[in-house]
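New notebook page, new structure. I'll jot down what I look up as I go.

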Amino acid sequence: MKKINFALVGCGSIAKKHVHVINNYLDNAEIIAFCDKAPERAQKFAENSNAQAFSNIQQMMDTIGDKIDIINILTPSGIHAQNVSELVEYGKPLIIEKPIALKLEEADKILRTCDVNGVKIFVVHQNRYNMPIIKAREAFEQGRFGKLVMGTVRLRWKRDQAYYDAADWRGTWAYDGGVYTNQASHHIDMLTWFMGDVESVKAVATTRLVNIECEDTGAAILRFTNGALGVIEATTATRPKDLEGSISILGEKGSVVIGGFFMNEMNTWEFEDHQPEDDIIMEKYGNNPEGWGYNLGEYLKDAINSIKTDKAGLVDGLEGRKSLELISAIYESIETGNEIHLRFKPQKCKLGIL
């Protein structure tokens, strides 16, 4: 079986996780190229490996493009659209770290360009592959929740000033966004995956404990098209340490709460229609298997399978756009003070703006 050759574009902190997962969780896969505008960063990643280091995309693709099978875009969010425009002509599948972009118009351009060029794209929302989430999704698809009542996500993490000072793009409108865009985008994706399309959102935000352009704390109330309500509570101003990343799904026939640091620990599993599997849910599926990066490994395996079988991946470009649209509506609500109905054109949202 042919080895899958990865190229990583962007050699910041998230690249370390991708390297670990590709090297330890994927069979018959290898990273053959690292690319970063800072040559020393790419070179540092390439050391002690068979990979080559490059300082720009064209140089990488002209040199070994024919050997590359998949390209992971791990640059700051505000540069994703530019990266895709540079890469799409080469026809390689693209795995893009969340969010797909910062502007809806950029996300739409990415989708159009990739469609025209026949390029498959995937947006990294790996928490969908957490073991407790998988079981909750199975229950959802079996209709065990019944009529949905409320969905809630809570992100209570610590990101201090040193975190933001470590890279000049962090916490900026042009390249990153605040807690809603960066950290809570996983939770927002999960909430809408279970609860469905959003009708409207009303949100507030503030910056409490760090010196950045964007927010470190926010709360939002959602109305879903199915009539259920939703709550997003997100902050990186938790002190002195991280507390939780959780989701609660409440329905007329059952309730599930998944907590832990990144929605990876089953806390509550209660349904009216008791099934034999319910007795072993906590023990067998209550946590992810041991090991850093398990869910990203499962995500990448699914992406590879999608490429090989030419079937849709679980989180493709359209799925990635959904969460960005809601995040944009959240910021529009913050800026205007209004309840924002989805399927809108951003007017006041600052994301992606210098």
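Predicted model: local features only at pLDDT ≥ 70, side-chain atom pairs only at ≥ 80, totals over all residues.

Among contacts in the chain between residues at least 6 apart in sequence, what percentage join residues at least 24 apart? I looked it up, and the figure is 68%.

**Overall look.** I checked the size next. For 354 residues, a compact globule would have a radius of gyration near 20 Å, and the chain has 20 Å, so the two agree. The C-alpha atoms fill a box of roughly 60 × 50 × 45 Å along the principal axes. I found 55% of the residues counted as buried. The chain exposes about 16000 Å², with carbon and sulfur atoms supplying 47% of that.

**The sheet.** The chain has 11 helices and 14 strands. I traced an open sheet of 8 strands with mixed pairing, in the order β13-β12-β11-β7-β10-β9-β8-β14. β13 (265-271) and β14 (340-341) each have a single partner strand, so one side of each lacks a neighbour in the sheet. I then looked at β7 (residues 148-156) and β11 (residues 244-251), which run antiparallel and are joined by 8 bridges. Gly 151 sits opposite Ile 249 in β11.

**Helices on the sheet.** Helix α8 (residues 185-195) packs on the sheet and touches β7, β8, β9, β10 and β11; its direction makes about 170° with that of β7. Helix α11 (residues 317-336) also packs on the sheet, touching β8, β9, β10 and β14, and its direction makes about 55° with that of β8.

**Helix α1.** I tested its length: at 1.5 Å a residue, the 13 residues of α1 (residues 13-25) should span 18 Å, and the end C-alpha atoms are 19 Å apart, which agrees. I noted its buried residues too, among them Ala 15, Val 19, Ile 22 and Tyr 25.

Note on methods
Residues numbered from 1 in each chain as written. Heavy atoms only, no water. Helix = DSSP H or I, 4+ residues; strand = E, 2+ residues; numbered from the N terminus. Expected span 1.5 Å × (residues − 1). Buried < 20%, exposed > 50% of the residue type's maximum accessible area, 1.4 Å probe, protein only. Pairing = 2+ DSSP bridges. Contact = heavy atoms within 4.5 Å. Axes fitted to C-alpha atoms, helices over the stretch in contact; angles between N-to-C directions. Rg over C-alpha atoms; globule rule 2.2 N^0.38 Å. Areas by Shrake-Rupley, 256 points an atom, 1.4 Å probe, with all protein chains shown as cover.
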